[in-house]
Amino acid sequence: MIRIVSLLAGTLALGACQHHSPAQPAVLADASAETLDAVKGNLAQAMNRGQIEIGAGDPTTIPSISVLPPPPSTFETQSPAMPTIFKLYVRDGLCFAIAEGTVEEVPLPGVACRPLG
């Protein structure tokens, strides 16, 4: 019993020592083709889609990226699907995105972001 309590106390103490800096809203450091390809690849993978199209907006000045829904199929004339909006953040120099309405962080390796402001 004492051993279990000691193990539990040690685990809690170790967990308390792990510290993350707070995430800051961010924008892309550049809008080069390489950067946008890396963003598209990571977001497509997170959305379980083969490829995605990014909507209007400049992610070097606006801290969000909209991902357009897939186009309607051949049997549809219109679609009620809405874009998925991802907010950009940076923590400890690493860029990531979070889809609005979720808390799941989508890492963006190879993508440089800078804090907004």
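Predicted model: local features only at pLDDT ≥ 70, side-chain atom pairs only at ≥ 80, totals over all residues.
The buried residues of helix 2 pack against strand 1 (24-28), strand 2 (64-67), strand 3 (84-91), strand 4 and strand 5 (105-107). Residues are numbered from 1 along each chain as its sequence is written, and side-chain values use heavy atoms, with hydrogens and water left out.

Helices (H or I, at least four residues) and strands (E, at least two) are DSSP runs, numbered from the N terminus. Buried means under 20% relative accessible area, exposed means over 50%, and partly exposed lies in between (1.4 Å probe, protein chains only). Contact, or touching, means heavy atoms within 4.5 Å.

**Helix 2**

Helix 2 covers residues 33-46, which is 14 residues. From its first C-alpha to its last it reaches 20 Å, close to the 20 Å expected at 1.5 Å a residue (the expected span is 1.5 Å times one less than the number of residues). Thr35, Val39, Asn42, Leu43 and Ala44 are its buried residues. As background, an α-helix has 3.6 residues a turn, so residues three or four places apart point the same way.

Leaving aside neighbours within four places in sequence, Asn42 is in contact with Val106, Pro107, Leu108 and Pro109. Just after the helix, Asn48 takes a positive phi of about 55 degrees.

**The strands**

Now to the strands, where two strands pair if DSSP finds at least two bridges between them.

| Strands | Sense | Bridges |
|---|---|---|
| Strand 1 and strand 3 | antiparallel | two bridges |
| Strand 1 and strand 6 | antiparallel | three bridges |
| Strand 3 and strand 4 | antiparallel | six bridges |
| Strand 4 and strand 5 | antiparallel | three bridges |

Gln24 has Val90 in strand 3 as its bridge partner, and Val90 in turn is partnered by Cys95 in strand 4. Elsewhere, Val27 stands opposite Arg114 in strand 6, and Ile98 stands opposite Glu105 in strand 5.

Strand 4 is mostly covered, with five of its six residues buried. The hairpin of strand 3 and strand 4 has two residues between the strands, and there Asp92 takes a positive phi near 55 degrees. Strand 4 and strand 5 also form a hairpin, with five residues between them; in its turn, Gly101 has a positive phi of about 85 degrees.

**The disulfide**

The structure holds one disulfide, a disulfide being a pair of cysteine sulfur atoms within 2.5 Å. Cys95 and Cys113 form this bond, with their sulfur atoms 1.8 Å apart. Because Cys95 lies in strand 4 (residues 94-99) and Cys113 in strand 6 (residues 113-115), the pair ties together parts that are 18 residues apart in sequence. Cys95 is buried at 6% relative accessibility, and Cys113 is buried with a relative accessible area of 15%.

**The nonpolar core**

In soluble globular proteins, nonpolar side chains tend to be buried together. A nonpolar core here is a set of buried Ala, Val, Leu, Ile, Met, Phe, Trp, Tyr and Cys residues joined through side-chain atoms within 4.5 Å. The largest such core has 18 residues, and those with the most contacts inside it are Leu28, Leu43, Phe86, Leu108, Val111 and Cys113. Strand 1, helix 2, strand 2, strand 3 and strand 4 are the elements that give two or more residues to this core. Not counting residues up to four places away in sequence, Val111 touches Leu28, Thr35, Ala38, Val39 and Cys95.

**An aromatic pair and a loop proline**

Rings of Phe, Tyr and Trp (its six-membered ring) pair if their centres lie within 6.5 Å; planes under 30 degrees apart count as stacked, over 60 as edge-to-face and the rest as tilted. By this rule there is one aromatic pair. The rings of Tyr89 and Phe96 have their centres 5.7 Å apart and their planes at 20 degrees, so the pair is stacked. Tyr89 is partly exposed at 22% relative accessibility, whereas Phe96 is buried at 5%.

Finally, Pro72 is found in the loop between strand 2 and strand 3. Pro72 counts as partly exposed at 39% relative accessibility. Not counting residues up to four places away in sequence, Pro72 touches Gln78 and Ser79.
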